[in-house]
Amino acid sequence: MARRTAITASLGLALVLSACQSLGGGVDVVHKTGSTFAQRQGVIDACQVAALKDVPPAYETRIVGGYGGGFGPRYCAGWACYGYRGYAAPPTTVSFDPNDPLRARQFQRCLRNKGYTLISRPVCTTEQEANAYRNEKRQAPASSISCVAGEPRLQRRWVRTQ
């Protein structure tokens with residue numbers, strides 16, 4: 001019975017660990033077969049600057065929440081009072097840029113115009129895979145890239161188009 005419990009626990013742990021590795025999915029990578037790291041970094045910078053010029057930020061601020069309640073019922077009998085006095089939650093200020101999705105589309109359009117695409121690949125999990133990817137001087141075709149390491153990271157706002 002103890003062995004069966006240990007096996008079940010081991011299988012459960014393996015499932016949890018494998019789920020944790022796959023939860024993040026892939027990272028978005030700029031791709032062009034034959035490009036170097038410096039070329040990819042340069043095109044990312046150029047397209048981000050162009051997208052910011054074409055679609056400037058227009059930050060908006062909203063007040064969210066803020067409520068109170070429970071200020072009654074309350075009754076007193078003699079020297080003792082019963083009930084509750086209430087509670088209040090202060091409002092929260094949230095700033096956002098409604099132009100982010102449009103700017104991301106403009107950024108991706110710029111990449112396409114320069115011959116680059118965005119692909120999603122997992123991060124290499126072993127040092128051997130990571131070194132093999134990093135040692136490539138030029139980027140391989142997308143179909144032969146199984147994982148990536150050391151690529152320029154794109155913030156989520158440059159990829160989100162909605």
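The largest nonpolar core of this predicted model has twelve residues: Val30, Val43, Ile44, Cys47, Ala51, Phe107, Cys110, Leu111, Tyr116, Leu154, Trp158 and Val159. Such a core is a set of buried Ala, Val, Leu, Ile, Met, Phe, Trp, Tyr and Cys residues joined through side-chain atoms within 4.5 Å, where buried means under 20% relative accessible area, exposed over 50% and partly exposed in between (1.4 Å probe, protein chains only). Two or more residues come from each of α2 (37-54) and α3 (100-113), and α2 gives the most, with four. Helices (H or I, at least four residues) and strands (E, at least two) are DSSP runs, numbered from the N terminus.

Leaving aside residues up to four places away in sequence, Phe107 touches Ile44, Cys47, Gln48, Ala51, Leu154 and Trp158, with contact taken as heavy atoms within 4.5 Å.

Helix α2 deserves a look of its own. Its buried residues are Arg40, Val43, Ile44, Cys47, Gln48 and Ala51. These cover an arc of only 130° around the axis, so they sit on the same side of α2; the arc is that of the directions from the helix axis to the C-beta atoms. The buried residues of α2 pack against β1 (27-31) and α3, while the face turned away from them carries the exposed Ala38 and Lys53.

Residues are numbered from 1 along each chain as its sequence is written, and side-chain values use heavy atoms, with hydrogens and water left out. Local features need pLDDT of at least 70 and side-chain atom pairs count only at pLDDT 80 or more, whereas totals for chains, interfaces and linings use all residues.
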